[in-house]
Amino acid sequence: MSETIQVKLPDGSIKQFPKGATALDVAKSISPRLADAAIAAQARTSSEAQGSNGDEPRLIDLTRPLEKDTEIRILTEKDPESLEVFRHSSAHLLAAAVLELFPETKLGHGPPTESGFFYDFYRPTPFTPDDLHKLERKMQELVEQNIPYAQDFLPREEGLRQFKDEGDFMKCHFIQQFTKPDEKISLYRTGKFVDFCRGPHIPSTGKIKAFKLLNIAGAYWLGDEKNQQLQRIYGTSFYNKKLLDEYLNKLEEAKKRDHRVLGQQLDLFSIQELAGPGLIFWHPKGGLIRKQMEDWMRDEYLKRGYSLVYTPHVMRTDLWKVSGHAGYYAQNMFTPMELDDADYRLKPMNCPGHILIYKNTLRSYRDLPVRLGELGTVYRYERSGVMHGLLRVRGFTQDDAHIFCTPAQIEDEVVCCMEFAFAVLKTYGFKEYQVELSIWDPNDRGKYIGGEDNWNMAINSLENALKRQNVPYKTIPGEAAFYGPKIDVKLVDAIGRLWQLSTVQFDFTLPERFELEYVGEDGQRHQPLMVHRALYGSIERFFGVLIEHYAGAFPVWLSPVQVAMIPIAERHAEYANKVADELRAVGVRVHVDARPEKMNAKIREHALQKVPFLLVAGDKEAADNAVSVRTRGKGDEGSIPVKDFVERIKGLIETKAAEI
């Protein structure tokens, strides 16, 4: 057996190393500066280092011994993949600090997240905000000690005994779930802290220069409220203090934009304790904005060749058995209701209802595509710990549409759906977005309905549609729905946050389950393909995002009150109402504030309500047929003829301008 291995570098060059050399050795051979900056490595082993098709690239520790010919890339702070490793190691740093200060604590898991990391702990005594400060100080001590993240391997049964003896029931569960009886398990040691973990991790704690513990939340073990209540500590970490400070400033800005707070201040919506959590009450102002959203969407449906339909809120459980939801989605459905003839369930999705409408009439290929659209309210059983204002609720309305088409039409239909999705973003003032293609995991086929040929055909159709539009996208394996792959469009809001909203979902399974047919050109019956499509995602979630994106200062066309008319004195009320009538005649929403209050107090009140325009009317304005205009964000603009202001606001509304 050879005592050397070949390592292929990103520039195509190949170097010889002793078997057992590490990625850090490779980095040192390239440059000492690279070795100092290295966070982790990305490696692919193969029988030929020159580039044969070997294993998929994977992240590894810099200290992992290399036993086979390997292609390798050293990751530094400049590589996006390294941040996941960095934050995973930050989660371990937190756990090590917790065990130092609170040794009775039992450990759950601590993954990296998109914005930081968290770790779950079981401890009868609740953590307090003061504990977070203590933990941060202890974490800093461990950073200064520059403790290595050392990987060990133990026989599975030995590792189970070790964690069982220490009472770490959660670690025992993870070992039993994720490892096989005859394999060794991977452990990482950071000082006194030992964790069952596959890694990878950074070389040592000393590389973690900037971190912050953010908050404490509740979580149930395995997500089941019948299990133990855990405490989840959230944190974040960055490569330097400047990046951390920028993120913390963004968090402060996000707090100012919190839709739950603004929803209360602006009287847009509420959640009523007497009615139950996760159920939204739309107040008059919020209801008016919702009407604008729904009217725009329905108008677009009709322009783009959709038919509007309406389906019941409850249907027999038998329907959900045919669709597969009763088996694959049961944990997210409300429990059955026993009625006279059968069990019924609240609908978690609109698709089976649309399928039944399609199936009611035998279609010809000449009738396809059939596009059915509905603003349909659905109900899903979300656990109490995950509900969040408008963003995660139990009852919500989707702008749901389903397209039934032939195989020859599928790509064109997906392209049209994507164009529609981008039109939504543009209309509501979102300029940036990211696209993801979620596909199945062929190594875990038990999670999915349908055969390999169907899945490959579906994935290829979505990929081709994206390529035809020259849309950059990222492929996410294992994130498809159980019935087909999907395209997700994530918008970027005013402070750089990503929001998952629009989805275009391929489905070859439900047409098969419901035995859908159309008569083809050959006179034979064929099964149509089906596309699910929701562009707002849900009215509630999209509204919550709008509130936060605009910080409650909506574009003029969406604002519930577009103009507040403020007469200076009682004698000016008649003129104020006359101007208001002119504005209402062209569709402007106006409120005349003729209360016997001081003018400045009324101006301040409407400014706090984020009304786009405040029009002040006094003697001079009445004489000149003008109004004194105060514009949100700009202040006093002086006197303007009424006809000029009418044209100005009409233009803003008709063009759906995002800015005033």
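User: Is Glu141 buried, partly exposed or exposed?

Analyst: Glu141 is partly exposed, because its relative accessible area is 37%. Buried means under 20% relative accessible area, exposed means over 50%, and partly exposed is in between, with a 1.4 Å probe and protein chains only. A word on the source: this is a predicted model, where local features need pLDDT of at least 70, side-chain atom pairs count only at pLDDT 80 or more, and totals for chains, interfaces and linings use all residues. Residues are numbered from 1 along each chain as its sequence is written, and side-chain values use heavy atoms, with hydrogens and water left out.

User: Which helix holds Glu141?

Analyst: Helix H4, residues 129–144. Helices (H or I, at least four residues) and strands (E, at least two) are DSSP runs, numbered from the N terminus.

User: What does the side chain of Glu141 join in a polar contact?

Analyst: The side chain of Lys138, at 2.9 Å. A polar contact is a pair of N or O atoms within 3.5 Å; within protein, one must be able to donate a hydrogen and the other to accept it, and residues adjacent in sequence count only if both atoms are side-chain atoms.

User: What about the turn?

Analyst: E1 and E2 form a hairpin with five residues between them. Gly12 in the turn has a positive phi of about 95 degrees.

User: Which strand pairs with E1 in the parallel sense?

Analyst: E5, residues 70–75, over two bridges. Val7 stands opposite Thr70 there.

User: New topic. What is the strand order in the open sheet with E29?

Analyst: E30-E29-E31-E32-E33, five strands with mixed pairing. E30 (590–592) and E33 (635–641) stand at the edges, each with a single partner strand, so one side of each has no neighbour in the sheet. The twist averages 25 degrees from one strand to the next.

User: How do E29 and E30 pair?

Analyst: In the parallel sense, over three bridges; E29 is residues 563–567. Met565 stands opposite Val592 in E30.

User: Which helix packs on that sheet?

Analyst: H17, residues 573–585, touches E29, E30, E31 (613–617) and E32 (626–631). Contact means heavy atoms within 4.5 Å. The direction of H17 makes about 170 degrees with that of E30. Axes are lines fitted to C-alpha atoms, for helices over the stretch in contact, and angles run from 0 to 180 degrees between N-to-C directions.

How values were computed: Two strands pair if DSSP finds at least two bridges between them.
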